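Let me put it up.

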2 protein chains.
Amino acid sequence: MTDENTVFVGRKPAMNYVLAVVTQFNSGSDEVVVKARGRAISRAVDVAEIVRNRFVPEAEVADIRIATEPVEEEGRTTNISSIEISLKKP
Amino acid sequence: MTDENTVFVGRKPAMNYVLAVVTQFNSGSDEVVVKARGRAISRAVDVAEIVRNRFVPEAEVADIRIATEPVEEEGRTTNISSIEISLKKP
């Protein structure tokens with residue numbers, strides 16, 4: 001699993017990231033990992049669901065992992081939640 | 001799995017739902033499912049992570065499911081993403 005197969009979801013519209021995932025699959029990847037932190041987690045779930053329901057119906061959710069990551073913010077460390085959704089073509 | 005063991009995460013602060021999950025575990029439940037839809041999905045991940053990291057360290061993420069649910073809104077049907085995080089004590 002390299003970073004090439006990873007799509008980091010941020011603040012842009014979900015369809016931007018959907019396009020990135022679909023492009024990965026169409027270029028021959030069997031697995032694409034959708035990652036996000038904080039409020040973008042909801043959008044990452046949207047991205048995974050839109051990819052599966054509309055563009056790559058054979059893709060399956062192989063694994064979902066959640067974690068907590070420390071983030072430096074204005075001199076102090078706070079924690080932020082993260083998610084990794086692994087989509088795989090059989 | 002009954003609704004008794006389910007905590008629906010909405011727009012309140014995460015700690016309200018953390019308290020609900022911890023109370024379920026302390027009252028003898030072995031499994032608590034944290035559910036959310038739309039933007040509350042990020043908060044549901046926060047809730048699961050705070051419960052595990054601060055209050056119920058023995059709880060494990062047994063399963064995470066994502067789905068798409070149709071929602072009636074102003075006379076038309078739109079889709080909304082949902083998440084279910086199952087926390088289990090061994």
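So, to start: how many salt bridges are there between chain A and chain B? The count is 0. Keep in mind that this is a predicted model, so let me say a word on confidence. The predictor gives the complex an ipTM of 0.91 and a pTM of 0.93. For chain A, the mean pLDDT is 94, with 97% of its residues at 70 or more.

Back to the interface. What we do get between chain A and chain B is 11 residue pairs in polar contact, counting pairs with both residues at pLDDT 80 or more. On chain A, the elements giving two or more residues to that side are α2 (40-55), β3 (60-73) and β4 (76-88). Helix α2(A) supplies the largest share, with 8 residues. And if you sort the chain A side by class, you find 10 nonpolar, 6 polar and 3 charged residues.

How much area is buried between chain A and chain B? It's about 1,300 Å², and carbon and sulfur atoms give 62% of that. Within chain A, the residues losing the most area to chain B are A:Ser42, A:Ile64 and A:Ile66, and together they make up 40% of what that side buries. In terms of residues in contact, chain A puts in 19 and chain B puts in 20.

Now, symmetry. Chain A superposes on chain B with a rotation of 180 degrees and 0.0 Å of shift along the axis, at an RMSD of 0.0 Å. The two copies are therefore related as by a two-fold rotation axis. The same surface is used by both copies, too: 100% of the chain A contact residues recur in chain B. And which residue of chain A comes closest to the rotation axis? That's A:Ser42, with its C-alpha at 2.7 Å.

Over all chains, the structure holds 12 of them, even though the count between chain A and chain B is 0. One to look at is A:Glu49 with A:Arg52, where the closest N and O atoms are 3.2 Å apart. Both residues sit in helix α2 of chain A, 3 residues apart, so about one turn of the helix.

Notes:
Residues numbered from 1 in each chain as written. Chains lettered and ligands numbered in written order. Predicted model: local features only at pLDDT ≥ 70, side-chain atom pairs only at ≥ 80, totals over all residues. Heavy atoms only, no water. Contact = heavy atoms within 4.5 Å. Buried area = accessible area lost by both parts, 1.4 Å probe. Salt bridge = Lys/Arg side-chain N within 4 Å of Asp/Glu carboxyl O. Polar contact = N/O pair within 3.5 Å; in protein donor to acceptor, adjacent residues only side chain to side chain. Helix = DSSP H or I, 4+ residues; strand = E, 2+ residues; numbered from the N terminus. Nonpolar A, V, L, I, M, F, W, Y, C, P; charged D, E, K, R; others polar. pLDDT = per-residue confidence, 0-100. Least-squares fit on C-alpha atoms with pLDDT ≥ 70 in both.
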